Amino acid sequence: MHVNDAYAPQTPIEGVMHAFTRIGRRLKAKQPGDTIDHSAHVVLFALRCNGALRLSDLAGRLELDASTASRHVRSLEQLGLVRRSPDPDDGRAFRVELTEQGVEEWETSARHRMELLSAAMEGWSEQDVQTFERLMTRFADGVAALTEAPSSAAWADKGWAAVAPRLRPSGPAERSTDQDSTAGGDPAGSENNDKNLESTR
């Protein structure tokens, strides 16, 4: 194989690794309409799911050192996406929380990525999509079990389960299961999602 030839995986495992590399690079890149980068998106996601957090707790959720988390927070403050407020439990400390603009920014960014994935599966049969979801979930469970993620990381799974229904598109193409879980099928959907978010804090 010449150096300039396109990479061709030699085994199925190599193919999986190559596919994840290609997908990850693109999902971390800014999508059309995005105004924040991937690292900022992750910080907003943590605050969206957990509510107001001390800087040290935010750093712990993201598995970052405090100085890196602090830089992210300062940058997001300048954009008006987060704010600091006094910690009611410790007058010397402060907590970081999303502004309304921050909530809107994260939901817009997440929706762009969901639309990208949906477009990438355009033309797939419903059975193909369900099989792909089942195998990807099984694969993710296997990776999580082997990498021994800290127990504190569970907030991300619970948080995503709570916020994902807000991001689902509405329309005739939407699956009936999605319709049942959104405001169209459940008038109390938005309120229930907020309660679910509270449970992750």
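Five salt bridges is the count for this structure, where a salt bridge is a side-chain nitrogen of Lys or Arg within 4 Å of a carboxyl oxygen of Asp or Glu. Before I go through some of them, please keep in mind that this is a predicted model, in which local features need pLDDT of at least 70 and side-chain atom pairs count only at pLDDT 80 or more, while totals for chains, interfaces and linings use all residues. Residues are numbered from 1 along each chain as its sequence is written, and side-chain values use heavy atoms, with hydrogens and water left out.

Let me start with Glu 107 and Arg 48, whose side chains form a salt bridge at 3.6 Å, N to O. This pair links distant parts of the chain, since Glu 107 belongs to helix 5 (residues 100–120) and Arg 48 to helix 2 (residues 38–50), 59 residues apart; helices here are DSSP runs of H or I with at least four residues, strands are runs of E with at least two, and both are numbered from the N terminus. Both Glu 107 and Arg 48 are buried, a word that means under 20% relative accessible area, whereas exposed means over 50% and partly exposed lies in between (1.4 Å probe, protein chains only).

Next, Arg 54 pairs with Asp 87, and their closest N and O atoms are 2.4 Å apart. Here too distant parts of the chain are linked, with Arg 54 in strand 1 (residues 53–54) and Asp 87 in strand 2 (residues 82–87), 33 residues apart. Arg 54 is partly exposed because its relative accessible area is 29%, while Asp 87, at 5%, is buried.

Finally, Asp 90 and Arg 92 form a salt bridge with 3.2 Å between the closest N and O atoms. Asp 90 counts as buried because its relative accessibility is 17%, whereas Arg 92, at 78%, counts as exposed.
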